[in-house]
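Biologist: I'd like to learn how to read a predicted structure. Could we go through one together, feature by feature?
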Number of protein chains: 2
Amino acid sequence: MHDDPAVRPCSIQRSLDILGDRWTILIMRDAFRGVRRFDDFRNDLEIARPVLTDRLKRLVEAGVLERRIYCERPPRFEYRLTPMGAALSPALVALMRWGDEWLSVDGPPTVLVHDACGHPLDQAFVCWHCNETFTQSGIASRPGGHFADTT
Amino acid sequence: MHDDPAVRPCSIQRSLDILGDRWTILIMRDAFRGVRRFDDFRNDLEIARPVLTDRLKRLVEAGVLERRIYCERPPRFEYRLTPMGAALSPALVALMRWGDEWLSVDGPPTVLVHDACGHPLDQAFVCWHCNETFTQSGIASRPGGHFADTT
DNA sequence: GGAGTCGGTTCGGAATCCGGACCGACTTGG
DNA sequence: CCAAGTCGGTCCGGATTCCGAACCGACTCC
């Protein structure tokens, strides 16, 4: 199931060890939307209760969500993004943009726009050293050789 | 399992309808790496044969991979990325970068670098209209309201 | 004190996944 | 000519995981 960690410790593999099932990424999407409580996740996702319990527990153990009490006397909990969880936003945005572009029948249902000018945003790579921006080419990878060529 | 498409046709949901199981994203990662043949996927992933057959078939049906003959007389097939599949690279890169940053014990095992100068690349948003680059702030979303705020 | 809320846990049945065996079409070696 | 190997699959029985439904504990509200 996983690569030899000494030879090719693939980070996609490791990310998917946390995120890689049918529900977890949707749970994270909801967390980004502001969903925090057990029943709100449940109502939004129509996920079975035991599965949601398990996924939230795993995400907390992974350090992606934080379980904190928001009500003392009947003990009630909420699940919030940690910095590690919030750092997933580029991945979720990329998934959303891909779905927008390739999977929507009547145009992108949700578009990220530049707050100042209102024009749509693109996702790209930046070299802060050269102050250059790319979408596809001009990229190399060291030392693993992934993604050097996508054709 | 899915949102009401009239009210909130979430593109992450739709993307995950194609990619959202334990194996599919890893299959796509391998495809980006250049893996094309059934047995190569199998050897790399240690996935059960019937499951791999099913996943490849689904990815072909979804339009993400293309199944083409590379040998006529014993009919042999290979699976190649379509443009739609290649467009997933930002999402896979984002996942890889997240794993690099948060999940590796001894520093990023693979880093994307700028081909010209060798410095590491960052992933960001670009407004081609204003020629501005952001990593987090200055972003809004219309009309769904996703990802406007990550705290 | 009965109903409602919230965040679970505990069941049995259903779907899915797994490894291993088998298969068809062909090539290669002896 | 026959045996073994390759490649891309399918078929099978057992194990895991998922699901919906019911239940539960602690509390609040009426």
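Biologist: Let me start with one residue: which residues does L92(B) touch, not counting residues up to four places away in sequence?

Modeller: First, some ground rules. This is a predicted model, where local features need pLDDT of at least 70, side-chain atom pairs count only at pLDDT 80 or more, and totals for chains, interfaces and linings use all residues. Residues are numbered from 1 along each chain as its sequence is written, while chains are lettered from A and ligands numbered from 1 in the order in which they are written. Now the idea of touching: two residues are in contact if their C-beta atoms, placed from the backbone, lie within 7 Å. By that rule, L92(B) touches I12(A), M28(B), R29(B) and F32(B).

Biologist: Is L92(B) buried or exposed?

Modeller: You count neighbours. A residue is buried if 20 or more other C-beta atoms lie within 10 Å of its own, exposed if 12 or fewer, and partly exposed in between, with C-beta atoms placed from the backbone. L92(B) has 23 C-beta neighbours inside 10 Å, so it counts as buried. You'll find L92(B) in helix 6 (residues 89-103) of chain B. Helices (H or I, at least four residues) and strands (E, at least two) are DSSP runs, numbered from the N terminus.

Biologist: How do helix 1 of chain A and helix 6 of chain B pack?

Modeller: You compare axes: these are lines fitted to C-alpha atoms, for helices over the stretch in contact, and angles run from 0 to 180 degrees between N-to-C directions. Helix 1 (residues 11-19) of chain A meets helix 6 of chain B at an angle of about 85°, with axes 7 Å apart. Angles under 35 degrees count as roughly parallel, over 145 as roughly antiparallel, 65 to 115 as roughly perpendicular and the rest as oblique. Helix 1 of chain A and helix 6 of chain B are therefore roughly perpendicular. On the chain A side the contact uses S11(A), I12(A), R14(A) and S15(A), and among its chain B residues are L92(B), L95(B) and W98(B).

Biologist: Now for sheets. Which strands form the open sheet, and in what order?

Modeller: Strands of a sheet pair through backbone hydrogen bonds, either parallel or antiparallel. Two strands pair if DSSP finds at least two bridges between them. In this model, four strands make an open sheet in the order 5(A)-4(A)-4(B)-5(B), with antiparallel pairing. At the edges are strand 5 (132-134) of chain A and strand 5 (132-134) of chain B, each pairing on one side only. Neighbouring strands of this sheet are turned by 45° against each other on average, direction ignored. Strand 4 (residues 122-127) of chain B pairs with strand 5 of chain B over three bridges, and V126(B) has T133(B) as its bridge partner.

Biologist: What joins strand 1 of chain B to strand 2 of chain B?

Modeller: A hairpin does, through four residues. Strand 1 (residues 65-71) of chain B and strand 2 of chain B are antiparallel, over six bridges, and I69(B) has F77(B) as its bridge partner.

Biologist: Last one: which residues come nearest to DNA strand D?

Modeller: A residue is near a molecule or strand if its C-beta atom, placed from the backbone, lies within 6 Å of it. Of the 18 residues around DNA strand D, the nearest are A48(A), V51(A), P74(A), F38(B) and T53(B). Helix 4 of chain B gives the most to this surface, with four residues. The surface near DNA strand D has nine nonpolar, one polar and eight charged residues.

How values were computed:
Nonpolar A, V, L, I, M, F, W, Y, C, P; charged D, E, K, R; others polar.
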